[in-house]
Every structure is written in structure tokens, then in C-alpha cells.
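Visitor: Please take me through one part of this model in close detail. I would like to see how its packed segments meet, and which residues do the meeting.

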Amino acid sequence: SLTTADKPPASSSPMWLEAQRQDLYQRLSSLRELARSIDSLTADVHMACELFSMSLFVSPIDTQKFVGRCGAEESQVVAPSLQYWAGSDERRYARWHAGQVLRAARNMIPAHIQGFRAISVYQACLTLALPHLLSGSGRQPLVRSGEMMMERDMTGGNQQTTASALP
């Protein structure tokens with residue numbers, strides 16, 4: 001029998017976590033609607049609300065780990081949970097909100113998409129690409145330790161930054 005000290009706290013209960021997520025999601029939706037009703041839903045407010053809503057359905061930390069930000073080992077550790085996520089309804093919600101982040105960015109001056117805005121766009125793009133990235137069998141991390149490769153586009157001679165596996 002478990003003693004009180006051995007029992008997990010109520011905050012680790014899946015039902016409690018789901019209730020907290022639903023409450024946060026409802027509050028973000030209310031904030032977004034309030035801002036819209038008083039004509040103060042700026043692109044920044046819209047982007048922030050959508051990014052936070054997206055983050056309720058997919059972990060930005062796990063997506064970073066999956067693309068190799070923390071190394072190949074961490075990428076392999078989070079892959080199974082993201083595979084499960086890719087088959088869930090949470091994927092649809094996360095991707096919808098990711099699209100809304102990009103929609104908000106479209107309403108901004110491109111030169112002003114820096115800092116938090118740029119990170120929001122990056123996270124949204126990762127979320128949108130994640131199901132495709134997960135579909136590769138036996139894939140290697142896209143980048144190792146944040147490094148990027150430059151590859152020459154053979155059709156036009158333009159350089160493109162690609163996220164391909166490093167040797």
C-alpha cells in the first residue's frame with residue numbers, strides 16, 4: 001500500500017493536466033476575442049495568443065530536441081512521444097494554431113519580424129513540418145549542435161540553407 005508520501009501529487013494526474021490545459025486554452029480564446037471586440041487585436045497580440053495556444057498542443061522544447069538542437073541522443077528520446085502526437089487530435093490543433101501564427105506574421109512588416117516574432121514563426125514552421133519529418137524511417141537528426149549546411153542549388157546556382165544531416 002502507498003503512503004501519502006509515496007503518492008504522486010494531484011498535479012501530475014492526466015485529468016488535472018488536461019483540465020489546466022483546457023482552462024488556459026479558454027482564457028487565451030477569451031483574451032483574443034476581447035481584443036478583437038475592442039479593435040485592439042494587433043498582429044503581435046494575435047501572434048502571441050496563437051503561439052501560446054499552439055504550445056498547449058505541442059511542446060516547443062520537444063520539437064527543438066527532435067530537430068537536433070540538443071544532439072542526436074535527445075532527438076531519439078523525444079521521437080516516440082512525437083510519433084504518438086503525430087497520430088493524435090492534438091496535432092491538428094497545434095498545426096491550425098501554427099498556421100494562425102504565420103497568418104499574423106503575414107500582417108507584419110517583414111523587416112520587423114525579429115526576436116520573439118521570429119522565434120514564433122520558427123516554432124510555427126517546425127510544428128507544421130513535424131509530421132513530415134516524423135514520417136522518415138530511421139532518420140538522423142536534421143542538424144547537429146545547431147550547425148547548418150550550405151548547399152548549392154544545381155538548377156540555378158543559388159545557395160540555399162538546408163537542414164540536412166551532417167556526416
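Guide: Reading from the N terminus, the elements of the protein follow the order α-α-α-α-α-α-β-β. That is six helices and two strands. Both are DSSP runs numbered from the N terminus: helices are H or I with at least four residues, and strands are E with at least two.

Some ground rules come next. The model is predicted, so local features need pLDDT of at least 70 and side-chain atom pairs count only at pLDDT 80 or more, while totals for chains, interfaces and linings use all residues. Residues are numbered from 1 along each chain as its sequence is written, and side-chain values use heavy atoms, with hydrogens and water left out.

Now the whole protein, briefly. Of its 167 residues, 31% are buried. Buried means under 20% relative accessible area, exposed means over 50%, and partly exposed lies in between (1.4 Å probe, protein chains only). The accessible surface is about 10800 Å², and carbon and sulfur atoms hold 57% of that surface. These areas come from the Shrake-Rupley method with a 1.4 Å probe; for residues, only the protein chains shown count as cover. Among contacts with a separation of 6 or more, 61% join residues 24 or more positions apart. A contact is a pair of heavy atoms within 4.5 Å.

Next, the packing. Two packed helices are described by the angle between their axes and the distance between the axes. Axes are lines fitted to C-alpha atoms, for helices over the stretch in contact, and angles run from 0 to 180 degrees between N-to-C directions.

Start with H1 and H2. Helix H1 covers residues 14–37 and helix H2 covers residues 43–55; their axes lie 10 Å apart at an angle of about 165°. H1 is therefore roughly antiparallel to H2. The scale is simple: under 35 degrees is roughly parallel, over 145 roughly antiparallel, 65 to 115 roughly perpendicular, and the rest oblique. The crossing of H1 and H2 is left-handed. Left-handed means that the near helix is turned anticlockwise from the far one by less than a right angle; clockwise is right-handed.

Who meets whom here? H1 brings Tyr25, Leu28, Leu31, Arg32 and Ala35, while H2 brings Val45, His46, Cys49, Glu50, Phe52 and Ser53. By class, this contact holds seven nonpolar, two polar and two charged residues. Ala, Val, Leu, Ile, Met, Phe, Trp, Tyr, Cys and Pro count as nonpolar, Asp, Glu, Lys and Arg as charged, and the others, Gly among them, as polar.

Serine 29 sits in H1. Serine 29 counts as buried because its relative accessibility is 18%. Its C-alpha atom is 7.8 Å from that of cysteine 49, 20 residues apart along the chain. Arginine 36 is also in H1, and is partly exposed at 39% relative accessible area. Serine 40 lies in the loop between H1 and H2. Serine 40 is partly exposed, with a relative accessible area of 32%. Setting aside neighbours within four places in sequence, serine 40 touches Ala35 and Val45.

H2 also packs on H6. Their axes come within 10 Å and cross at roughly 40°. H2 is therefore oblique to H6. This crossing is left-handed. From H2 come Asp44, Met47, Ala48, Leu51, Phe52 and Met54; from H6 come Phe116, Arg117, Ser120, Val121, Gln123, Ala124 and Thr127. The classes are eight nonpolar, three polar and two charged residues.

Last, H6 meets H5. Helix H5 spans residues 89–106 and helix H6 spans residues 116–134; their axes come within 9 Å and cross at roughly 140°. The pair H5 and H6 is therefore oblique. Its crossing is left-handed. In H5, Arg91, Ala94, Arg95, Ala98, Gly99, Val101, Leu102 and Ala105 take part, against Ser120, Val121, Ala124, Cys125, Thr127, Leu128 and Pro131 in H6. This contact has 10 nonpolar, three polar and two charged residues.
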